[in-house]
Amino acid sequence: MTSVIIAGAGVIGLMTAIELQRAGARVTVIDRQQAGRESSWAGGGILSPLYPWRYPDAVSRLARLSQRMYPPLIDTLRSLSDVDPEFLPSGMLVLGDYDDEQPEAWARRFDVAMEAVDAGAIRELAPELAPVLDRGWWFPEVHQARNPRLLALLLAAARSLGVRLIEHSPVDSIAVEQGRALGVYSAGQLHRAEHSIIAAGAWSARLLDPLDCRTRIEPVRGQMLLLKSEPGRVRHITLSEERYIIPRRDGRVLVGSTTEHVGFDSSTLEDTREQLLDYAQRNIPVLAQARLERHWSGLRPGTPVGIPAIGPHPRVEGLWVNAGHYRNGLVMAPASARLMTDLLLKRTACLPPDDYAPCDAVHKKN
Ligand SMILES: Cc1cc2nc3c(=O)[nH]c(=O)nc-3n(C[C@H](O)[C@H](O)[C@H](O)COP(=O)(O)OP(=O)(O)OC[C@H]3O[C@@H](n4cnc5c(N)ncnc54)[C@H](O)[C@@H]3O)c2cc1C
């Protein structure tokens with residue numbers, strides 16, 4: 001039985017663990033703290049890239065395959081645990097004055113349901129919206145997941161499949177001998193495995209840089225607000241002015257986010273809180289009555305054009321990377337886990353792997 005050790009228990013590490021364990025591998029996941037408490041917890045849970053036509057094809061391919069994989073995956077996970085991840089077809093409105101050709105050509109090429117909307121159509125879909133913008137695009141099939149709950153489901157499912165989880169134990173380095181990874185050092189102990197995968201989100205470069213693998217994965221802070229409103233007041237995910245509003249089933253509403261290059265600083269700022277509140281209330285006036293419950297930030301694993309690194313280290317046998325999902329880790333996780341598993345188990349790859357080759361090609365645009 002192939003043994004695998006994964007450094008990092010975010011959505012990427014956990015989904016990879018589940019995919020590999022279901023394919024017959026024996027998987028251990030190690031996290032330096034409680035599992036699932038970083039970017040994957042902090043995120044919005046929109047299961048689509050924002051302004052999806054702006055991304056390279058390598059991102060669209062991962063996102064589209066994941067969107068197809070999500071419904072059966074959620075069914076499988078829920079057969080292993082009764083945690084409800086609130087996987088819901090919220091639909092997404094992207095408002096603003098965009099060039100028509102690019103979104104339309106993109107939607108045709110990737111077979112995405114998308115309609116142009118005018119003021120009347122927007123009002124019908126989302127009467128709660130102030131008439132700030134009078135044109136945009138409607139993506140009726142976009143889903144969301146309540147990401148802290150999705151993580152709880154992934155953890156429960158991984159455990160029930162027999163994945164071993166070690167928490168509060170930082171991976172300090174990869175053990176390499178004669179060009180081969182032997183496992184990872186954590187808390188002074190060598191954890192041996194035939195294969196080691198780095199899925200440490202924004203912290204991945206710290207483990208990869210000493211191994212001559214420059215991925216250019218850097219933390220990009222995103223701040224988020226949680227408001228308490230009434231169920232049904234806000235109907236759909238709405239995107240405009242580079243910001244978004246996400247309604248949860250219980251009436252809570254998320255407002256996000258920022259993209260700040262401030263290193264590993266995960267503090268929150270009063271100014272940003274006011275800007276996000278102003279954005280939410282200008283666009284959905286009824287949110288002026290909503291109570292602000294929480295303000296947090298998360299560190300995304302940023303890469304220059306958003307393409308993650310998925311695959312083998314080119315020079316260290318048995319060492320793999322699945323990291324750098326930037327703004328789209330929740331949507332791209334299932335296909336990323338599948339591609340990683342295909343490559344590691346030498347199965348036919350579900351997507352062309354060269355686009356994601358770690359250490360060299362993450363900077364590449366396509
Ligand atoms: C505000 C915000 C909003 C977002 N919204 C969305 C969205 O709507 N849709 C979407 O698709 N994506 C969204 N994202 C992006 C998404 O959250 C990330 O791309 C995704 O969570 C990355 O997952 P990950 O598992 O790679 O990283 P993480 O979730 O950060 O997990 C990395 C794990 O590695 C662990 N770790 C780090 N170093 C070590 C070490 N040395 N040893 C052991 N463990 C280690 C950490 O403790 C952590 O648990 C958002 C992100 C933010 C911050």
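Start with H1 and H9: their crossing is right-handed. A crossing is right-handed if the near helix is turned clockwise from the far one by less than a right angle, and left-handed if anticlockwise. Helices here are DSSP runs (H or I, at least four residues), strands likewise (E, at least two), and both are numbered from the N terminus.

Before I go on, the ground rules. This is a predicted model: local features need pLDDT of at least 70, side-chain atom pairs count only at pLDDT 80 or more, and totals for chains, interfaces and linings use all residues. Residues are numbered from 1 along each chain as its sequence is written.

Back to the pair. H1 covers residues 11-22 and H9 covers residues 329-344; their axes come within 8 Å and cross at roughly 40°. Axes are lines fitted to C-alpha atoms, for helices over the stretch in contact, with angles from 0 to 180 degrees between N-to-C directions. H1 and H9 are therefore oblique to each other. That term covers what is left after roughly parallel (under 35 degrees), roughly antiparallel (over 145) and roughly perpendicular (65 to 115).

Who touches whom? On the H1 side, the residues include Val11, Ile12 and Met15; on the H9 side, Leu330, Ala333 and Met340 are among them. Contact means C-beta atoms, placed from the backbone, within 7 Å. By class, this contact has 10 nonpolar, 4 polar and 2 charged residues. Nonpolar is Ala, Val, Leu, Ile, Met, Phe, Trp, Tyr, Cys and Pro; charged is Asp, Glu, Lys and Arg; the others, Gly among them, are polar.

Next, the ligand. How many residues surround the ligand? The count is 43, and the closest are Gly10, Gly201, Gly222, Gly298 and Gly329. The cut-off is a C-beta atom, placed from the backbone, within 6 Å. H1 and H9 return here: each supplies at least two shell residues, as do H2, strand E11 and strand E15. The shell divides into 20 nonpolar, 17 polar and 6 charged.

The domain centres, taken over C-alpha atoms, lie 27 Å apart. Across the boundary, 24 residues of domain 1 are in contact with 26 of domain 2.

Last, two backbone details. A cis peptide bond joins Gly256 and Ser257, with omega about -20°. Glu241 has a positive phi of about 50° although it is not a glycine. Glu241 sits in the loop between strands E12 and E13.

Technical notes:
Domains from an automatic or database assignment. Contact = placed C-beta atoms within 7 Å.
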